[in-house]
Every structure is written in structure tokens, then in C-alpha cells.
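Please have the sequence and the structure at hand.

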Amino acid sequence: MSTIGDMLAKVLNCSFLDADDFHPLSNKEKMSQGIPLSDEDRIPWLETLRGVLKDKLDNGKTVILGCSSLQKHYREILRSADADYMHGSYASTVQFVLLDAKADVLAARLEKRAAEGKHFMPATLLQSQLESLHIDEGEGIFKVDATLSPLIIVSKIQTFLFSDFEQATGNRDC
């Protein structure tokens, strides 16, 4: 997620934020011990992220946020960073992309990052996250095959974002 987020932010000339950097120490400690987060753990973290997104959007900035917003109500919190968002409409300047891959691919990547000291969550928590993942097709979440090369993934996301922008505004100026 961070590789793609960094690359996409460079292409779009904006900032990339990794949501993991915003977890409180208590969340990081729970995850590092293999304990899944509860809604009571996640909601304040998501509300913090919403505040960061709202600040960026209110100042006319574009930002890429790498975040495991696993459930629709989590994504609704993030969508509400858009001052014009009407709850449940899914029409928001906050857009979502799912980097889609099989569990074994994700586990291998997570184990590699953990071994490099780049992530605090053990791969043993991956299954609980996958079980929590819920995508409602009506949300308009763009899915891209995460096993493609990073350059192709970024290109596909960029095409999606610009086509969505063009549909919403009638032009391609960003």
C-alpha cells in the first residue's frame, strides 16, 4: 500500500499519508501482540484521519491516504471529511481504491515488511482483517489487481481518478 501510495502521490504531485502512522501506541501494541483491533480502537483513529483529510480538503489539497478502511461504516467516517458529503450517498471527493490480492500474496508481503522492521502487525492478524473486509458494490470502490507491477497499478488508479473527476466536473483539469 505504501509503495503504491508514494508513487501515486508523486504522479499527482500531492502528499501521501500512511494511516498506520496515526495509530495510537495502544493500537500498535495490541496489533504487535496479535490482538485484532475492535471498533472502540478503530473509530477514534478513523476520526483522527477524517480530521487530517478534512484539513487538506478544506485547503484545496489533494492527498493520498493508505488505509485499511475495511468496512463501509469506516469508509463513511472518511468520506465525511468532504464538507459536502451526504451520508450514504457515496458521492464524495474522498475516493477509495482496493488493492486486491489473494491472502497468500498479502501474507507474504506483510511478513517481508515485518522482517524489514517496516510494519508492526504480524501476518497472523491478516485473516481477521480479511474476515472484516466488506465491500458494497454500490460504493463505487475501484478494484485493481495488486499483483500487477506498481507502475501499472498507479496508471490504472490515475485513469480511474481522472475519469471520475471528468465525469463529476466535465473537464480534466486537476
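## The model

The structure is a predicted model. A search of the whole structure finds seven salt bridges. Some of them are described here, together with the accessibility of their partners.

Asn 27 is part of helix H2, which covers residues 25-32. Is Asn 27 buried or exposed? Its relative accessible area is 2%, so Asn 27 is buried, because buried means under 20%.

Leaving aside residues up to four places away in sequence, Asn 27 touches Leu 37, Asp 41 and Trp 45. One of these contacts, Asp 41, also takes part in a salt bridge with Lys 30.

## Lys 30 and Asp 41

In the salt bridge between the side chains of Lys 30 and Asp 41, the N to O distance is 2.6 Å. This pair links distant parts of the chain: Lys 30 belongs to helix H2 and Asp 41 to helix H3 (residues 39-58), and they are 11 residues apart.

The two partners fall into separate accessibility classes. Asp 41 has a relative accessibility of 16% and therefore counts as buried. Lys 30, at 25%, counts as partly exposed, because the limit for buried is under 20% and exposed means over 50%.

## Arg 79 and Glu 139

Which residue forms a salt bridge with Glu 139? The partner is Arg 79, and the closest N and O atoms are 2.8 Å apart.

Glu 139 is buried, with a relative accessible area of 5%. Arg 79 also counts as buried, at 1% relative accessibility.

Glu 137 and Lys 143 form another salt bridge, in which the closest N and O atoms are 3.2 Å apart. Glu 137 has a relative accessibility of 61% and so counts as exposed. Lys 143 is partly exposed, with a relative accessible area of 38%.

Salt bridges can also share partners. Arg 75, Glu 76, Arg 79 and Glu 139 are joined in this way into one network.

Methods: Residues are numbered from 1 along each chain as its sequence is written. This is a predicted model: local features need pLDDT of at least 70, side-chain atom pairs count only at pLDDT 80 or more; totals for chains, interfaces and linings use all residues. Side-chain values use heavy atoms; hydrogens and water are left out. Helices (H or I, at least four residues) and strands (E, at least two) are DSSP runs, numbered from the N terminus. Buried means under 20% relative accessible area, exposed over 50%, partly exposed in between (1.4 Å probe, protein chains only). Contact means heavy atoms within 4.5 Å. A salt bridge is a side-chain nitrogen of Lys or Arg within 4 Å of a carboxyl oxygen of Asp or Glu.
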